[in-house]
Amino acid sequence: MKSAVSVVVIVAAFGAFVLKAPGWAQAPRPSQHGSVSQQVANTTITVEYNRPVARGRSLFGSLVPYGRVWCPGADNCTTIQLSTDVKINGQALAAGTYSLWAEPQPEKWTMIFNRAQPVFHTRYPASQDVLRIQTVPRQGSHMETLAFYFPVVDGNHAELVLHWGTVVVPLAIEVP
(Lines give C-alpha, C1' and ligand atoms only; values in the text may rest on other atoms or scores of the structure.)
Protein backbone atom coordinates (compact mmCIF):
# COMPACT_ATOMS: atom_id res chain seq x y z
CA MET A 1 0.00 0.00 0.00
CA LYS A 2 2.84 2.39 0.89
CA SER A 3 4.49 1.77 -2.49
CA ALA A 4 1.21 2.54 -4.36
CA VAL A 5 0.85 5.84 -2.49
CA SER A 6 4.51 6.65 -3.20
CA VAL A 7 4.00 6.01 -6.93
CA VAL A 8 0.92 8.29 -7.00
CA VAL A 9 2.81 11.07 -5.20
CA ILE A 10 5.81 10.75 -7.56
CA VAL A 11 3.59 10.76 -10.68
CA ALA A 12 1.64 13.80 -9.43
CA ALA A 13 4.84 15.69 -8.62
CA PHE A 14 6.36 14.82 -12.00
CA GLY A 15 3.15 15.92 -13.78
CA ALA A 16 3.17 19.27 -11.99
CA PHE A 17 6.85 19.76 -12.88
CA VAL A 18 6.32 18.90 -16.55
CA LEU A 19 3.35 21.27 -16.92
CA LYS A 20 5.40 24.18 -15.56
CA ALA A 21 8.62 23.33 -17.38
CA PRO A 22 9.69 25.48 -20.33
CA GLY A 23 8.49 24.06 -23.63
CA TRP A 24 5.25 22.70 -22.17
CA ALA A 25 2.95 25.54 -23.13
CA GLN A 26 -0.56 26.03 -21.89
CA ALA A 27 -3.28 26.95 -24.38
CA PRO A 28 -2.70 30.46 -25.76
CA ARG A 29 -4.84 33.23 -24.32
CA PRO A 30 -7.47 34.70 -26.64
CA SER A 31 -6.14 38.24 -25.95
CA GLN A 32 -2.34 38.19 -26.16
CA HIS A 33 -0.23 40.66 -24.18
CA GLY A 34 1.25 43.59 -26.05
CA SER A 35 3.32 46.62 -25.21
CA VAL A 36 4.76 49.60 -27.00
CA SER A 37 7.38 52.01 -25.72
CA GLN A 38 8.54 55.23 -27.34
CA GLN A 39 11.15 57.81 -26.47
CA VAL A 40 9.91 61.35 -27.18
CA ALA A 41 12.60 63.93 -26.41
CA ASN A 42 13.58 63.13 -22.79
CA THR A 43 10.39 61.18 -22.02
CA THR A 44 9.67 57.47 -22.24
CA ILE A 45 6.04 56.53 -22.87
CA THR A 46 5.04 52.89 -22.38
CA VAL A 47 1.64 51.29 -22.99
CA GLU A 48 0.96 47.79 -21.59
CA TYR A 49 -2.22 46.01 -22.68
CA ASN A 50 -3.88 42.78 -23.70
CA ARG A 51 -5.00 42.66 -27.33
CA PRO A 52 -8.57 41.53 -28.06
CA VAL A 53 -9.29 40.18 -31.56
CA ALA A 54 -12.23 41.33 -33.72
CA ARG A 55 -13.04 37.82 -35.06
CA GLY A 56 -15.63 39.19 -37.50
CA ARG A 57 -17.61 40.97 -34.79
CA SER A 58 -19.08 44.45 -35.19
CA LEU A 59 -16.99 46.47 -32.74
CA PHE A 60 -17.95 50.06 -31.89
CA GLY A 61 -21.61 50.74 -31.23
CA SER A 62 -22.16 46.99 -30.78
CA LEU A 63 -19.59 44.87 -28.91
CA VAL A 64 -18.30 48.13 -27.39
CA PRO A 65 -21.44 50.25 -26.82
CA TYR A 66 -21.40 53.97 -27.53
CA GLY A 67 -21.69 56.17 -24.45
CA ARG A 68 -20.31 53.60 -22.00
CA VAL A 69 -16.83 53.68 -20.46
CA TRP A 70 -14.71 50.84 -21.80
CA CYS A 71 -11.16 49.66 -21.25
CA PRO A 72 -9.32 49.51 -24.59
CA GLY A 73 -7.87 46.08 -23.94
CA ALA A 74 -8.75 42.88 -22.13
CA ASP A 75 -8.18 41.23 -18.74
CA ASN A 76 -6.17 43.73 -16.67
CA CYS A 77 -6.79 47.32 -17.67
CA THR A 78 -4.46 48.94 -20.18
CA THR A 79 -1.83 51.17 -18.57
CA ILE A 80 0.23 54.07 -19.81
CA GLN A 81 3.43 55.06 -18.07
CA LEU A 82 5.03 58.49 -18.53
CA SER A 83 8.56 59.14 -17.29
CA THR A 84 8.05 62.94 -17.23
CA ASP A 85 5.17 65.40 -17.31
CA VAL A 86 3.55 65.73 -20.76
CA LYS A 87 0.63 67.40 -22.50
CA ILE A 88 -1.95 65.20 -24.19
CA ASN A 89 -4.19 66.99 -26.67
CA GLY A 90 -2.97 70.21 -25.03
CA GLN A 91 -3.81 69.21 -21.44
CA ALA A 92 -1.18 68.61 -18.76
CA LEU A 93 -0.64 65.11 -17.35
CA ALA A 94 1.96 64.47 -14.62
CA ALA A 95 4.59 61.74 -14.84
CA GLY A 96 3.32 58.41 -13.52
CA THR A 97 1.40 55.27 -14.44
CA TYR A 98 -2.30 55.44 -15.24
CA SER A 99 -5.01 53.05 -16.31
CA LEU A 100 -6.45 54.06 -19.67
CA TRP A 101 -10.19 54.08 -20.38
CA ALA A 102 -12.33 55.31 -23.26
CA GLU A 103 -15.89 56.41 -23.82
CA PRO A 104 -16.54 55.98 -27.55
CA GLN A 105 -19.14 57.93 -29.51
CA PRO A 106 -19.67 57.89 -33.28
CA GLU A 107 -18.20 61.41 -33.77
CA LYS A 108 -15.87 61.85 -30.77
CA TRP A 109 -14.23 59.82 -28.05
CA THR A 110 -13.36 60.70 -24.47
CA MET A 111 -10.05 59.21 -23.40
CA ILE A 112 -9.68 58.87 -19.63
CA PHE A 113 -6.48 58.65 -17.59
CA ASN A 114 -7.18 57.15 -14.18
CA ARG A 115 -4.95 56.79 -11.13
CA ALA A 116 -6.21 53.27 -10.25
CA GLN A 117 -3.86 50.54 -11.47
CA PRO A 118 -3.66 47.65 -11.63
CA VAL A 119 -7.40 47.16 -12.02
CA PHE A 120 -9.52 44.59 -13.87
CA HIS A 121 -10.79 45.91 -17.21
CA THR A 122 -14.50 45.85 -16.27
CA ARG A 123 -14.20 47.73 -12.96
CA TYR A 124 -13.98 51.40 -13.93
CA PRO A 125 -13.10 53.47 -10.82
CA ALA A 126 -14.58 56.84 -11.90
CA SER A 127 -13.64 58.58 -8.64
CA GLN A 128 -9.95 58.24 -9.53
CA ASP A 129 -9.98 60.01 -12.90
CA VAL A 130 -7.02 62.34 -13.39
CA LEU A 131 -7.64 63.60 -16.94
CA ARG A 132 -10.40 63.34 -19.54
CA ILE A 133 -9.74 64.52 -23.07
CA GLN A 134 -11.81 64.66 -26.22
CA THR A 135 -10.49 63.33 -29.52
CA VAL A 136 -11.98 62.75 -32.95
CA PRO A 137 -11.55 59.25 -34.38
CA ARG A 138 -10.64 58.67 -38.01
CA GLN A 139 -11.04 55.76 -40.39
CA GLY A 140 -8.13 53.44 -41.08
CA SER A 141 -7.44 50.10 -42.67
CA HIS A 142 -8.83 47.09 -40.82
CA MET A 143 -6.79 46.11 -37.73
CA GLU A 144 -7.93 42.64 -36.60
CA THR A 145 -6.20 42.79 -33.22
CA LEU A 146 -6.39 45.93 -31.06
CA ALA A 147 -3.14 47.89 -31.23
CA PHE A 148 -1.51 50.96 -29.76
CA TYR A 149 1.34 52.48 -31.76
CA PHE A 150 3.19 55.73 -32.51
CA PRO A 151 2.82 56.57 -36.23
CA VAL A 152 4.44 59.99 -35.73
CA VAL A 153 7.41 60.96 -33.55
CA ASP A 154 9.05 64.31 -34.25
CA GLY A 155 11.20 66.24 -31.78
CA ASN A 156 9.02 67.00 -28.74
CA HIS A 157 5.82 65.74 -30.36
CA ALA A 158 4.31 62.34 -31.02
CA GLU A 159 1.00 60.80 -31.89
CA LEU A 160 -0.15 57.70 -30.03
CA VAL A 161 -3.09 55.89 -31.60
CA LEU A 162 -5.50 53.21 -30.50
CA HIS A 163 -6.49 51.21 -33.61
CA TRP A 164 -9.06 48.42 -33.75
CA GLY A 165 -11.25 47.44 -36.63
CA THR A 166 -11.30 50.48 -38.91
CA VAL A 167 -11.33 53.01 -36.05
CA VAL A 168 -8.17 54.99 -35.28
CA VAL A 169 -8.24 57.14 -32.12
CA PRO A 170 -5.35 59.66 -32.03
CA LEU A 171 -3.72 61.28 -29.00
CA ALA A 172 -1.33 64.17 -29.61
CA ILE A 173 1.52 64.11 -27.07
CA GLU A 174 3.83 67.03 -26.38
CA VAL A 175 6.88 66.90 -24.16
CA PRO A 176 7.39 70.43 -22.71
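**Two antiparallel sheets**

Three bridges join strand E4 (residues 86–88) to strand E5, and the two run antiparallel. Strands here are DSSP runs of E with at least two residues, numbered from the N terminus, and two strands count as paired if DSSP finds at least two bridges between them. The structure is a predicted model, in which local features need pLDDT of at least 70, side-chain atom pairs count only at pLDDT 80 or more, and totals for chains, interfaces and linings use all residues. Residues are numbered from 1 along each chain as its sequence is written, and side-chain values use heavy atoms, with hydrogens and water left out.

What is the strand order in the open sheet of six strands? The order is E1-E2-E3-E6-E7-E8, again with antiparallel pairing. Its edges are formed by strand E1 (32–40) and strand E8 (129–135); each has a single partner strand, so one side of each is left without a neighbour. From one strand to the next, the twist averages 25°. Inside this sheet, four bridges connect strand E3 (residues 79–82) with strand E6 (residues 96–104), an antiparallel pair. Here glutamine 81 lies opposite threonine 97 in E6.

Conventions:
Axes fitted to C-alpha atoms, helices over the stretch in contact; angles between N-to-C directions.
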